[in-house]
Amino acid sequence: DSPWSKGRPGWHTECVVMIQDVFKKTLIDIHGGGLDLKFPHHENEIAQCEVCNDTHLANIWVHNGMININGIKMSKSLGNVWWAKDLIANHGGNLTRWLMISTHYRAPLNLNEEAFTTSKKELDKIAAAYKQACVKLALLDGKETSAFDETYTSFIDALNDDLNTPNAISVVYEVVKKINQAVRQREIDVENLAVLVHTLEKMLYILGIEFDKISMTNEDKEMYQNWRSAVKEKDFKTADTLRQTLIEKGIL
């Protein structure tokens with residue numbers, strides 16, 4: 001009960017009050033929450049702000065889709081809650097983040113072990129291409145560059161389109177494909193490969209994915225070449241020993 005009617009008037013008022021109190025303004029840039037808050041919560045906030053201040057409450061509204069666990073809405077009442085800290089502890093930050101952004105933020109996201117397995121395979125392919133390209137650049141004494149591949153514009157355009165991360169990820173795959181093609185060339189275009197690597201690094205940085213930067217000493221380069229020679233000469237015992245060392249160093 002309230003002096004006005006039965007209901008929960010405070011619930012719809014709190015954001016309007018806090019925004020004015022904290023930001024000292026009646027119109028903010030971004031406001032949002034779960035898709036289930038769009039009505040009636042946010043529409044009531046807008047109505048109150050319009051009446052009291054003659055202005056909309058926010059320029060941009062961001063409503064995220066619900067998270068499902070094995071096809072069922074995640075809910076404390078159902079007891080099917082997966083905590084972010086546990087997902088990160090079990091799967092790592094990269095994998096958890098990649099899975100989260102694989103679906104548009106306004107769409108529902110279904111979490112299950114199969115989804116994590118699929119996302120891991122996708123990240124592993126990207127990491128393998130990145131590592132191979134870095135090794136090739138190191139062996140060929142490639143120089144770092146600040147130039148971007150033409151695909152970078154499409155990547156930014158996707159994110160500017162209401163944070164369309166699935167489309168942005170598809171552009172990442174394009175760059176990975178270009179990298180794989182570039183490293184397989186008999187005569188590698190070092191400058192082009194450096195541009196592709198820089199482009200991929202920037203895209204992953206923006207998406208919050210962190211891969212270790214590959215660096216090789218002269219000793220590492222010599223060991224890598226010796227490994228390649230051992231494989232070519234079918235000296236598999238030596239090749240296996242060198243390969244294991246290179247893996248431990250993070251080069252293979």
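K136 sits in helix α5. In this predicted model, K136 and V190 lie 54 residues apart in sequence, yet their C-alpha atoms are 8.5 Å apart in space. If you set aside the neighbours within four places in sequence, K136 is in contact with V183, I188, L193 and Y224.

## Where α5 meets α8

Helix α5 covers residues 113–139, and its axis is 10 Å from that of α8, at an angle of about 140°.

## Where α6 meets α8

Helix α8 (residues 190–207) has a contact with helix α6 (residues 151–160) as well, and here the axes come within 10 Å and cross at roughly 10°. Angles under 35 degrees count as roughly parallel, which means that α6 is roughly parallel to α8. This crossing is right-handed.

On the α6 side, the contact is made by T151, Y152, F155, I156 and L159, while α8 brings T199, K202, M203, I206 and L207. The residues of this contact split into seven nonpolar, two polar and one charged.

Helices aren't the whole story: the protein has 10 helices and five strands. Three strands form an open sheet in the order β4-β3-β5, and their pairing is mixed. β4 (72–73) and β5 (109–111) are at the edges with a single partner strand each, so one side of each has no neighbour in the sheet.

Now for the pairing of β3 with β4. Strand β3 covers residues 67–69, and it pairs with β4 in the antiparallel sense over two bridges. If you want to find one of the partners by eye, look for N68, whose bridge partner in β4 is K73.

Most residues other than glycine have a negative phi, and most peptide bonds are trans. Here are two spots that go the other way.

One is N70, found in the loop between β3 and β4. N70 isn't a glycine, but its phi is positive, at about 50°. The other is the peptide bond from F39 to P40, which is cis, with omega near 5°. P40 is found in helix α2, which runs over residues 38–53.

## The overall outline

How does the protein's radius of gyration stand against that of a compact globule of 252 residues? The globule would have a value near 18 Å, but the protein has 25 Å. Taken along the principal axes, the C-alpha atoms fill a box of roughly 90 × 40 × 25 Å.

## Back to α8

Note on methods: Residues numbered from 1 in each chain as written. Predicted model: local features only at pLDDT ≥ 70, side-chain atom pairs only at ≥ 80, totals over all residues. Heavy atoms only, no water. Axes fitted to C-alpha atoms, helices over the stretch in contact; angles between N-to-C directions. Helix = DSSP H or I, 4+ residues; strand = E, 2+ residues; numbered from the N terminus. Parallel < 35°, antiparallel > 145°, perpendicular 65-115°, else oblique. Left-handed = near helix turned anticlockwise from the far one by under 90°. Contact = heavy atoms within 4.5 Å. Nonpolar A, V, L, I, M, F, W, Y, C, P; charged D, E, K, R; others polar. Pairing = 2+ DSSP bridges. Rg over C-alpha atoms; globule rule 2.2 N^0.38 Å.
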